[in-house]
Amino acid sequence: MKLLVVEDEPSLLNSITRYFRQEQFLCEGVTNFTDALRRMEDLSYDCIILDINLPGGSGLRLLKYLREDKKKDGVIIISARNSLDDKITGLDYGADDYLTKPFHLPELSARVKALLRRKYSDGSSIVDLDSLRIDLDSRIVTSNNKAIGLSKIEFDLLLFLVTNKNRVVSRQAIAEHLYDGPADQAPGPEFVYSHIKNLKRKMKEKGCPDIIQTVYGLGYKLVV
Amino acid sequence: MSRPLQQRNTRSLLTWLPLVMLAGSVFLYLILMGHIRHMKHQQLQRKQDNVWNAFVLDTLHFPMKMPGEYLVTRGSPKENLTADSANQAWLTQLHRLDGNPYSVTTYIAAKEFRHLLIKVGIAEGIIFIVLLVAIVMVNRRTSSRLWAPFYVTMNNIRGYDIRQNKPLSLDTTTGTEEFDRLNHTLSSLIGNADQAYRNQKQFTENASHELQTPLAIIRSKVELLTEAPGLTEDSAQLLQEINDANERLSQMNKNLLLLARIENSQYPETGRVEVSGLLERLITFLEDYYTNEGIKTKATIEAGVDVTANPALIEILVNNLLRNAYIHNVPRGWVDVRLSGKGLVIKNSGPALEGDPKRLFDRFRKGRVDNRTTGLGLALVQQIAQLYSFDVRYAYEAGVHQLTLLFR
């Protein structure tokens, strides 16, 4: 998968590209408007992560050019401005998703993967993972053909961990991901603990191996 | 004690004007008396001359006495001349005719003069009162017209609130130089204060905004480091502490930014927000987790309660109130939520506040040391409530905290 990251803060850009490279993405990063425009004209990407405030011009203008050029690259906007207007404008211009800074890398990763899944899923909405099978449409999880009854939060939690499989996901990242409201107001990380506990218990009951690990005090990791 | 300007003005007029007028009257009386004495004397003298001349012309036939007019006697006057002094004025002069002394006394009526004095006195009294009333009235009218711009300015200033971001325009062409100057000075004074306030608010927003990037960088680096191979438990522990501190900082910064944005009126979009549904969703979410902590939730929610406001802000408002009830609770405690068209009442069990309840809504005012809170949650509640003129109140009694939010 080819990824372009447009972000003016070099240090943050570095974190993002490094994170995605660890997942075998082909990841390129640029820090300004002109470079971004050149890359976007010359090549096509599976997904572009686009900052709005860029030296040399707005990320929204890049998005406009891209769509006027009839290019179908997936676009996720990352913006420091948490305003509804920006979000609406971004989505109007043809962005696929919108993420407010500061975000957690696993969250960005989950958004990118969800986008790619939508883009390339030839109609199937099934995620297979060893003995675990997750149906995204009907929201049913089965383990060795035995259904695991999960609450909405537990389902979202499992999916988030599966999307970020083999990576450490912090409690804060999970809490913000699960909270269905303004990200600013997500509950504290302690909230995640009980849901993880319930999820692990339910999976164990259905004979699913214990694939969710606790990584010291840092967070959780789903290992396959 | 301070009294209204008009009243003070009238009062001082009423004190000093009569005194001045009284002094004037005394002066007038003295002058009048002097004139009267002079006139009496002149009349008596003229009569004296006429009587003596007539007597000299015809000494034999001239009547020696005419009551009320004159009396001629040989030698010194013999009669008691003070007999009718109340009504008469007289003048006695000694004359000589052929070596014989005669004394002539002439009389005139004094009554007229006294009547004149009384009439003048009455006239003066009437003029005095009319003048007093007229002066006071004219004065009141003039001063109320003169001071009108002052009262306009005063009302404008009273209605001014720096937090409302509304400019204050004061008339600088009132027609009175002093008031023009006053309004001008006030305008620039308020303008400066307004500017300083605006800068202050802008500063908070900018500062929070600028802090976002380094915070995001730290967060991403911690996340990368978390996955670095060869992470020991010891360094994981350190990393976790860095992460927790950073997350708290992020949260605080987000809340500060939010506060600044609300203050800067950056949430203009409003719509109908269904509080009932929102509350149910939030309770389900929080209840789920806190049931494990042993906190029981009871909710009585009237269906279809809505308010006109910014949806995001209302969610923050309700969420903060609700989360507070769970966080500042006791093990195996309870939370009781009631929503009606009038407002929202959240009660919960919990230990008493350590600080002053009046300062509960201040920024960074925390009930107890708790790293789960930023100390800004209730400040946000207060700010949002203020924005939509909701009334938010806190009460504590016998182990029960009660927060009441009344919609307009």
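Among contacts in chain B between residues at least 6 apart in sequence, 66% join residues at least 24 apart. Two residues are in contact if their C-beta atoms, placed from the backbone, lie within 7 Å. The model is predicted: local features need pLDDT of at least 70, side-chain atom pairs count only at pLDDT 80 or more, and totals for chains, interfaces and linings use all residues. Residues are numbered from 1 along each chain as its sequence is written, while chains are lettered from A and ligands numbered from 1 in the order in which they are written.

Chain B has 408 residues, of which 24% count as buried. A residue is buried if 20 or more other C-beta atoms lie within 10 Å of its own, exposed if 12 or fewer, and partly exposed in between, with C-beta atoms placed from the backbone. The secondary structure of chain B comprises 7 helices and 11 strands. Helices (H or I, at least four residues) and strands (E, at least two) are DSSP runs, numbered from the N terminus.

Two helix pairs of chain B were examined. Helix H1 (residues 5-57) and helix H2 (residues 111-158) of chain B have axes that come within 10 Å and cross at roughly 155°. Axes are lines fitted to C-alpha atoms, for helices over the stretch in contact, and angles run from 0 to 180 degrees between N-to-C directions. The crossing angle therefore makes H1(B) roughly antiparallel to H2(B). Angles under 35 degrees count as roughly parallel, over 145 as roughly antiparallel, 65 to 115 as roughly perpendicular and the rest as oblique. The crossing of H1(B) and H2(B) is right-handed. A crossing is left-handed if the near helix is turned anticlockwise from the far one by less than a right angle, and right-handed if clockwise. The contact of H1(B) with H2(B) has 17 nonpolar, 7 polar and 3 charged residues. In these classes, Ala, Val, Leu, Ile, Met, Phe, Trp, Tyr, Cys and Pro count as nonpolar, Asp, Glu, Lys and Arg as charged, and the others, Gly among them, as polar.

H2(B) also packs with H3(B), at an angle of about 15° and with the axes 10 Å apart. H2(B) is therefore roughly parallel to H3(B). Their crossing is left-handed. H2(B) contributes Pro149(B), Phe150(B), Thr153(B) and Ile157(B) to the contact, and H3(B) contributes Phe179(B), Leu182(B), Asn183(B) and Leu186(B). By class, these are 6 nonpolar, 2 polar and no charged residues.

The two chains meet through 33 residues of chain B and 29 residues of chain A. On the chain B side, the elements giving two or more residues are helix H3 (177-226), helix H4 (233-263), helix H5 (275-292) and helix H6 (311-327) of chain B. H3(B) supplies the largest share, 12 residues. The side of chain B that touches chain A divides into 10 nonpolar, 11 polar and 12 charged residues.

Chain A contains 8 helices and 14 strands. Of its 224 residues, 40% count as buried. Residues 24 or more positions apart account for 56% of the contacts in chain A with a separation of 6 or more.

An open sheet of 5 strands in chain A has the order E2-E1-E3-E6-E7, with parallel pairing. Two strands pair if DSSP finds at least two bridges between them. Strand E2 (26-30) and strand E7 (97-100) of chain A stand at the edges with a single partner strand each, so one side of each lacks a neighbour in the sheet. Neighbouring strands are turned by 15° against each other on average, direction ignored. Strand E6 (residues 74-79) of chain A and E7(A) pair over 4 bridges. Ile78(A) has Leu99(A) in E7(A) as its bridge partner. Helix H2 (residues 33-42) of chain A packs on the sheet, touching strand E1 (2-6) and E2 of chain A, and its direction makes about 145° with that of E2(A). Helix H3 (residues 59-68) of chain A lies across E1, strand E3 (47-51) and E6 of chain A, at about 150° to E3(A). E1(A) is mostly covered, with 4 of its 5 residues buried. E1(A) and E2(A) pair in the parallel sense over 5 bridges. Leu4(A) has Glu28(A) in E2(A) as its bridge partner.

Lys146(A) is found in strand E11 (residues 146-148) of chain A. Lys146(A) counts as exposed because it has 12 C-beta neighbours inside 10 Å. Leaving aside neighbours within four places in sequence, Lys146(A) is in contact with Lys206(A) and Gly207(A). Lys146(A) and Lys206(A) are 60 residues apart in sequence and 6.7 Å apart in space, C-alpha to C-alpha.
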